[in-house]
Amino acid sequence: MKIQHNNPDSCTACTACIAQCPVTAVTRKFRGPKMVGPALERMRLSQEDTEPSLEYCSNCKNCDIACPSGVPISTLNMLARAKSFKNRSHSLRDDMLAHGEKMAKLAEKIPGGAFLANLGMNLGGSLGLMNLAGIAGERPLPSYAAESFLRQFKKFKQQSCPDKVVFYPGCFINYNDPQVGMDFVAVMQANGYEVIVEEDFVCCGSPMVATGYLDEAGEQARTNTELLKKWRQQGYPVITCCTSCGLMLKQEYQELYDIEGMAENARNLYDGCEFLLLLADKGKLNTHFAALEEKVLYHAPCHLRAQGFGLPALDLLELIPGLRVENAGAGCCGIAGNYGFKADKYDISMAIGEKLFQRIKDSGVDTVVSDCGTCRLQIAHGAKVETVHPLTLLRRAYER
């Protein structure tokens, strides 16, 4: 985990961020991370300055990863974006994309709400209503699961174990892709861990920050920080299987807000595959895997690489006999959370992902593995292949 300090004067104008910016590579509408980030931030420190191309920063973090001076360029951009909304209103599109948890909770309260919401989204896309709202109608919106992870988890009978971990599912796993959460529970059980789920956790706030709702995301951060502190003090590691949630909880909270206990909580937070690889390093990982005779491609999400702990999923999958796994190594997929769902960013998002899509097609695989839920959506949409979380393959290898 690399916490960087919001000091624009640390920028030496080396342009490494520009060279690694996937948005700059496909459009001139974005003036580039150096100019929009630290260069303009120096101006903004003395007077108000609004740069329209700031809207094109996807907050993918590749500029932060590339910066040799440790400037959190994307965070400077998100702070400036939030400040710009002090003098203007959010659109309905922004409100919808920033508040996925609120919308999912509304759907869950209505009998058959998930079915009706999915039907509405599909019809809205086919009739062009999504584009009218500013959402890319060409892209399928993530459907709601018939039963959330939390509801499935409450019915699941775990084997009691002395070792326990706390799971932070995040909105996407809870409401859209609960199978990943259930796969995580099964894998932890196979390794002698009982999983606790804290029901009072709220959205990490990542989609709110990316859309300019900084203060509201700060309230989410305060709630989660108190809950993370509670479990840390009881000695239980907290694990998430969503790379954007993990980045937000561990790193971005500290870069964006000043809340007591964040740094201590961050040291007790783990990505699911990171935690399992640490078990392997200690010789404690259950390696009784059955063979999986297939070839898959692995895509490393930008928000995972930004956390600086390597590619643990890739190392874990290589332990499964018979499984041939290759690192795609084709850069950003382009979706960057809710960025690629915006109608005016859709073409940019797909142009960024084209290198990865071609790499997948050239590899001849039918399945791509990635830790990030929205990366999986983008890859399925752009390359027309099956996508799975690494834990899904680990679970299959344990249960065969």
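This is a predicted model: local features need pLDDT of at least 70, side-chain atom pairs count only at pLDDT 80 or more; totals for chains, interfaces and linings use all residues.
**Close-up 1. Strands S6, S5, S7 and S8 form an open sheet.** Reading across the sheet, you will find the four strands in the order S6-S5-S7-S8, and their pairing is parallel. Strand S6 (323-327) and strand S8 (386-388) are the edge strands, each pairing on one side only. On average, neighbouring strands of this sheet are turned by 30° against each other, direction ignored.

**Close-up 2. Strand S7 pairs with S8.** Here we look at S7, residues 367-370, which runs parallel to S8 and is joined to S8 by three bridges. To find your place, look for Val 368, which stands opposite Thr 387 in S8.

**Close-up 3. Helix H20 lies across strands S5, S6 and S7.** H20 covers residues 346-363, and S5 covers 294-299. The helix runs at about 170° to S5.

**Close-up 4. Helices H20 and H21 meet.** The axes of H20 and H21 (residues 373-383) come within 9 Å and cross at roughly 75°. An angle of 65 to 115 degrees counts as roughly perpendicular, so H20 is roughly perpendicular to H21. On the H20 side, the contact is made by Tyr 346, Ser 349, Met 350, Leu 356, Phe 357, Ile 360 and Lys 361. From H21 come Gln 378, Ile 379, His 381, Gly 382 and Ala 383.

Methods: Residues are numbered from 1 along each chain as its sequence is written. Side-chain values use heavy atoms; hydrogens and water are left out. Two strands pair if DSSP finds at least two bridges between them. Helices (H or I, at least four residues) and strands (E, at least two) are DSSP runs, numbered from the N terminus. Axes are lines fitted to C-alpha atoms, for helices over the stretch in contact, and angles run from 0 to 180 degrees between N-to-C directions. Contact means heavy atoms within 4.5 Å. Angles under 35 degrees count as roughly parallel, over 145 as roughly antiparallel, 65 to 115 as roughly perpendicular and the rest as oblique.
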